[in-house]
Amino acid sequence: MGFWWRGLKKEGIIFLRGTDKLVSKFFKIKVEDTNGKVQYFTSISDCSLNLNIPSKTIKICLMSGIPYKIYTIKFDTVI
């Protein structure tokens, strides 16, 4: 099956599986809290460790756009 974020790859562009959103091969995760503080992470694991949020929850937030507690979590490189 591959990684959860992979989908159709066409001419070097990867579509998120089941969406019309595009991501670059090297994406960053952008996290903004309710106070406006923005943090960037290079992986879900890094984000999970630093914010003490389960990786599964981060994946759900990335795919659904639903905030988690005080955090809004999304891909920084979505076109």
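In this predicted model, E32 sits across from T72, a residue of strand β6. Strand β4, which covers residues 29-33, is joined to β6 in the antiparallel sense, and the pairing runs over 5 bridges. In general, the strands of a sheet are held in pairs by backbone hydrogen bonds, and the pairing may be parallel or antiparallel. Here, 3 strands make up an open sheet whose order is β5-β4-β6, with antiparallel pairing. Strands β5 (38-41) and β6 (71-75) are the edge strands, each pairing on one side only. On average, neighbouring strands of this sheet are turned by 20 degrees against each other, when direction is ignored.

Helix α2, made of residues 55-64, lies across β4 and β6, and α2 runs at about 70 degrees to β6.

The chain holds 2 helices and 6 strands. Read from the N terminus, the elements follow the order β-β-β-β-β-α-α-β. The chain has 79 residues, and 28% of them count as buried. Its accessible surface amounts to about 5,500 Å², with 55% of that area belonging to carbon and sulfur atoms. When contacts between residues at least 6 apart in sequence are considered, 38% of them join residues at least 24 apart.

The two helices also meet one another. Packed helices are described by two quantities, the angle between their axes and the distance between those axes. For α1 and α2, the angle is about 115 degrees and the axes are 9 Å apart. Their crossing is right-handed. On the α1 side, the contact is made by I44, C47 and S48, while α2 contributes S55, I58, K59 and L62. By residue type, this contact between α1 and α2 divides into 4 nonpolar, 2 polar and 1 charged.

K59 belongs to helix α2. Is K59 buried, partly exposed or exposed? Its relative accessible area is 32%, so K59 counts as partly exposed. The C-alpha atom of K59 is separated by 7.6 Å from that of I44, although the two residues are 15 apart along the chain.

Most residues other than glycine have a negative phi. N52 counts as exposed because its relative accessible area is 69%, over the 50% cut-off. K69 is likewise a residue other than glycine with a positive phi, in this case near 50 degrees. K69 lies in the loop between α2 and β6. With a relative accessibility of 69%, K69 is therefore counted as exposed.

Methods. Residues are numbered from 1 along each chain as its sequence is written. This is a predicted model: local features need pLDDT of at least 70, side-chain atom pairs count only at pLDDT 80 or more; totals for chains, interfaces and linings use all residues. Side-chain values use heavy atoms; hydrogens and water are left out. Two strands pair if DSSP finds at least two bridges between them. Helices (H or I, at least four residues) and strands (E, at least two) are DSSP runs, numbered from the N terminus. Axes are lines fitted to C-alpha atoms, for helices over the stretch in contact, and angles run from 0 to 180 degrees between N-to-C directions. Contact means heavy atoms within 4.5 Å. Buried means under 20% relative accessible area, exposed over 50%, partly exposed in between (1.4 Å probe, protein chains only). Accessible areas come from the Shrake-Rupley method with a 1.4 Å probe; for residues, only the protein chains shown count as cover. A crossing is left-handed if the near helix is turned anticlockwise from the far one by less than a right angle, and right-handed if clockwise. Ala, Val, Leu, Ile, Met, Phe, Trp, Tyr, Cys and Pro count as nonpolar, Asp, Glu, Lys and Arg as charged, and the others, Gly among them, as polar.
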